[in-house]
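Hello,

Here is the structure I promised to pass on to you. Have a look at it first, and then read my notes below.

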Amino acid sequence: MAPHPVMQAIIDLSAGAVGGAACVFSGQPLDTAKVKMQTFPTLYRSFVHCIVSTYKQVGLRGLYQGTSPALMANIAENSVLFMSYGFCQQVIRFAAGLEREAALTDVQKACAGSVASIFSSLVLCPTELVKCRLQAMYEMETSGKIAKSQNTVWSVVKSIMKNEGPQGFFQGLTTTIAREVPGYFCFFGAYELSRTTFADYMKCDKDDIGVAPIMFSGGFGGACLWLIVYPMDCVKSRIQVMSMTGKQAGFFKTFMTIARSEGVRALYSGLTPTMVRTFPANGALFLGYEASRKLMMKQFDS
């Protein structure tokens with residue numbers, strides 16, 4: 001028996017939260033290296049140099065700087081993303097004239113994921129803004145761009161409220177949506193395509209392919225997402241961090257400024273730690289989501 005739509009939404013929300021938490025704990029140090037390299041592309045030779053330098057300067061906690069907002073960001077984003085993903089699948093079924101329980105193609109699921117990402121962007125942007133600022137705080141202070149300040153979540157939130165008002169939390173929202181919509185089409189499309197391939201090869205249902213194939217499919221989906229949207233993510237990080245010094249230009253102006261003054265390569269600063277991180281982090285995300293969702297859905301199988 002299928003659960004009530006409200007119950008289904010709660011299950012998807014909860015499973016997304018479990019997946020989001022698993023994603024953060026497995027990939028935070030590499031995410032910190034990514035943000036630092038995006039914001040200060042000439043400061044570090046490689047992601048290994050960035051991680052070692054951060055460890056020497058601030059210790060292990062420097063690599064986990066921004067974990068609280070990252071946890072909030074990922075739990076909020078993935079809860080809303082997967083809840084909206086379930087809802088958007090129903091919208092796609094309705095638009096295509098299909099039954100409520102009808103199976104969707106991988107492309108239809110990719111479209112549902114793409115639309116769902118618009119909703120998740122609204123909760124992701126404020127928390128990711130705080131996370132990025134915390135991660136790049138040390139470099140902003142040592143380069144003299146900002147005065148020395150308390151490096152805590154609360155101090156960053158207070159500073160944004162005082163200097164920029166509530167709208168300050170949505171610096172980089174346009175860029176976040178521009179990144180998420182095509183990114184999540186690739187993310188869910190590649191994930192579902194990979195699961196279908198494994199299921200066909202193993203001659204079983206997509207839900208029964210096992211832990212390793214699910215983790216590989218999640219990592220593959222994440223890799224496709226980042227390869228497509230990385231320059232947009234770089235621009236977003238730059239806007240969110242540099243807006244600490246005052247109002248920043250919008251997406252296109254920032255994009256063109258980076259490309260002209262630093263070269264196209266600067267738009268791909270930090271890609272290596274992102275690609276290294278994407279397999280364990282997104283593998284953990286989908287494993288956490290699928291396992292907890294399956295467990296909760298079992299309560300309705302009778």
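A definition first: on a 1 Å grid over the protein atoms alone, a cavity is a set of points where a 1.4 Å probe fits but cannot get out, while a pocket is an open set with protein on both sides within 12 Å along at least five of seven lines; lining residues have an atom within 4 Å of a point. Grid points are joined across faces, edges and corners, and a volume is the space filled by probe spheres set on the points.

Please keep in mind that this is a predicted model, in which local features need pLDDT of at least 70, side-chain atom pairs count only at pLDDT 80 or more, and totals for chains, interfaces and linings use all residues. Residues are numbered from 1 along each chain as its sequence is written, and side-chain values use heavy atoms, with hydrogens and water left out.

**The cavity**

How many cavities of 30 Å³ or more are there? The count is one. The volume of the largest cavity is about 320 Å³. It is lined by 24 residues, and those closest to its centre are Asn74, Glu77, Tyr184, Trp226 and Arg277. Two or more lining residues come from each of α1, α4, α5 (106-135), α8, α9 and α11. Helices here are DSSP runs of H or I with at least four residues, strands are runs of E with at least two, and both are numbered from the N terminus.

By type, the cavity lining has 10 nonpolar, six polar and eight charged residues. For this, Ala, Val, Leu, Ile, Met, Phe, Trp, Tyr, Cys and Pro count as nonpolar, Asp, Glu, Lys and Arg as charged, and the others, Gly among them, as polar.

Asparagine 74 and alanine 22 are 52 residues apart in sequence, yet their C-alpha atoms are 9.2 Å apart in space.

The largest pocket has a volume of about 1,300 Å³. Of its 42 lining residues, Gln8, Gln89, Asp207, Arg293 and Met297 are the closest to the centre. At least two lining residues come from each of α1 (5-39), α4 (67-95), α8 (173-202), α9 (211-242) and α11. Which helix gives the most to this lining? That is α11, with nine residues. The pocket lining divides into 22 nonpolar, five polar and 15 charged residues.

**Helix α11**

You can check this helix yourself. The expected span of a helix is 1.5 Å times one less than its number of residues. Helix α11 (residues 271-298) has 28 residues, so it should span 40 Å, and its end C-alpha atoms are 39 Å apart, which agrees. There is also a bend of about 40 degrees in α11 at threonine 278, with proline 280 following within four residues; the bend at a residue is the angle between axes fitted to the seven residues ending there and the seven starting there.

- Lysine 203 sits in the loop between α8 and α9. Its phi is near 55 degrees, a positive value in a residue other than glycine, and it is exposed, with a relative accessible area of 75%.
- Glycine 62 is in helix α3 (residues 60-63). It is buried at 3% relative accessible area, and its C-alpha atom is 9.0 Å from that of tyrosine 138, 76 residues apart along the chain.
- Cysteine 224 is in helix α9 and is partly exposed at 22% relative accessibility.

**What the record says**

UniProt positions are given in the numbering used here, feature names are shortened, and annotations may be inferred rather than shown by experiment. In the model, residues 7-91 are 87% helix and 0% strand, with end C-alpha atoms 17 Å apart. The unreviewed entry also lists a "transmembrane region" at residues 210-230. That span is 95% helix and 0% strand, and its end C-alpha atoms lie 30 Å apart.

Enjoy exploring!

Key:
Buried < 20%, exposed > 50% of the residue type's maximum accessible area, 1.4 Å probe, protein only.
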